[in-house]
Amino acid sequence: MMNTMVRETREVEINIKDVGMTFRDNRGNDVEALTGINLNIYKGEFISLLGPSGCGKTTLLRMVADLLEPTTGSIHIGERLPREVRLDKKLGIVFQSPVLFDWRTVQKNVELPLEVMKFSKSERREIASSMLEMVGLTRFSEHYPNQLSGGMQQRVNIARALAVRPELLLMDEPFSALDEFTKEKLHEDLMQIWAKTNKTVIFVTHNIQEAVFLSDRVCVLSPHPGRLSGIVEVDLPRPREIAVKSSARFNELVLKVRNTFDGGSL
Amino acid sequence: MMNRIWGKTRTILPLLLWILLFVAVWEVGALLVEASKRTPENVLPHIYQIIEAALNPKKVSSGESASQLVLSSAGLTLGRAALGFLVGTICGFVLALIMKISKIVEKVIFPYLMIIQMIPILGMAPIILSITGDINTSRIVIAAILTFYPVATGTLAGFNSVEKSKYDLMHIYAARKIDLYTKVLIPTAIPYIFTGLKIAAPMAITASILVDTLQGDKGLGTLLSQSLKHAMSIYVFWLIVFFSAFVGILSSKLMGNLERIVLPHKRIRVSRAKEESI
């Protein structure tokens, strides 16, 4: 009860209303990827979009990022459309693959969006250095991406996304290609970075434990057609440490998420 | 330290083996030719005979020894090959850029590129010569045409190899077209361009020599045909064969070295950082 009351006073940052997406496949048939999505995302919230492949979670994220346009419904970020927010350069994105530029050093990779956005040389250097410090890669700033491990590359990716000081951080399965140990370390680091920056984060994943550990709320999506089955509020205290994963409450929440999921014809 | 020595040996050993095998096969052939032909030096002389000819200070033609003659002609031919190579590289790159910017241009032009590539140089050379009317210009044009195709297709392949996620990233940053090209597409294409250049460099040299043979002027090709027609020692021919093969390999190597200078991240083989913890 207490929780709901607190939430109502919170500021809505993203309003997703009746959003649906229909693709046309190779044979010319219409495929409904998403249907009837209604969701409010609050300012400063860490929210996960969780579901199996084909549930449209990445599609939804790409619509918020203005990489796709919804066929029905609308998305507003504040008062603005995703396109306006993007053109205003207020979006940060982290993809599953690090998408780094081989020929640029770590430092120059983080500076890339700042170059595009016409920051001065000294500003670029300063911002990129502080971002690298935040993700713990100061020592490797002059290395090239092919000299780094997968986990380190993904840290560079996060540093680059944050370098533009985005209002919104969009993460599309950023850790799914990493091993379990690296993943846990990055979970903890991401939590610390998030606490420091207070960004709104939309985190796409197919890993239930990951979603519960990181999020304030977990949106469970089910496939065929992609739809929102329910939202699970995660009331684990913050800051969270790895140990919380063995607590009874954590396991209850994992079970609750699992039960919210509607497999249908999976 | 031991590792470094072993590393060096490992790179030199195959080369030594290769040279040894080459000499062995050549000499077996030379012995067979010697036993069966009347003028074996016209078919396959011994390697020592070629080396002897190279070192022999005896004047062969117009007051120059065989080696001097080859080297003085080489400057002319190689200079034109290099100029044509440069022109071809620039044209190839620019055309690939235009084809990338406009799909229509790509669809219209690409078949013509293929056709140009399929015409043998021997057929193309007289046509170019009659169009330009000048052997010097022809050499440059032919070398340029030969360079042009591998560079254009290489560059285009490089542009098309850029992953969709990089476009997405630049889209999110609201990057302008010019930034997409200068910061993503062109740097990605550079290794592909060098692949084209490594193929094109020896081709430009070969083509330049071939064009020389068309019309008596100076140059390696002219010397080559004179030697073959017995206007001078046949060993001049053999010297040119070895010299141009050597320069051809060297030109390709040179492109490889240039690539490593331009792309510092290609130099790094051992990834030290990977060994350390994340």
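Where in chain A is the place of Glu11(A)?

**View 1. Glu11(A) in its loop.** This is a predicted model. Glu11(A) sits in the loop that joins helix H1 (2-8) to strand E1 (12-24) of chain A. Is Glu11(A) buried or exposed? Glu11(A) counts as exposed, because its C-beta neighbours inside 10 Å number 9 and the cut-off for exposed is 12 or fewer.

**View 2. Contacts and spacing of Glu11(A).** Leaving aside residues up to four places away in sequence, Glu11(A) touches Tyr42(A) and Lys43(A). Ile93(A) is 82 residues from Glu11(A) in sequence. In space, the C-alpha atoms of Glu11(A) and Ile93(A) are 22 Å apart.

**View 3. Where chain A meets chain B.** On chain A, 28 residues are in contact with 20 residues of chain B. Several elements of chain A each supply at least two residues to the side that touches chain B. They are helix H3 (82-87), strand E5 (91-94), helix H4 (106-116), helix H6 (150-163) and helix H7 (180-197). Which element gives the most to this side of chain A? H4(A) does, with four residues.

**View 4. Residue types on the chain A side.** The side of chain A that touches chain B has 16 nonpolar residues. Seven residues there are polar, and five are charged.

**View 5. The two domains of chain B.** Chain B is divided into domain 1, residues 1-44, and domain 2, residues 58-277. How far apart do the C-alpha centres of domain 1 and domain 2 of chain B lie? The distance between these centres is 28 Å.

Note on methods:
Residues numbered from 1 in each chain as written. Chains lettered and ligands numbered in written order. Predicted model: local features only at pLDDT ≥ 70, side-chain atom pairs only at ≥ 80, totals over all residues. Contact = placed C-beta atoms within 7 Å. Nonpolar A, V, L, I, M, F, W, Y, C, P; charged D, E, K, R; others polar. Buried ≥ 20, exposed ≤ 12 C-beta atoms within 10 Å, placed from the backbone. Domains from an automatic or database assignment.
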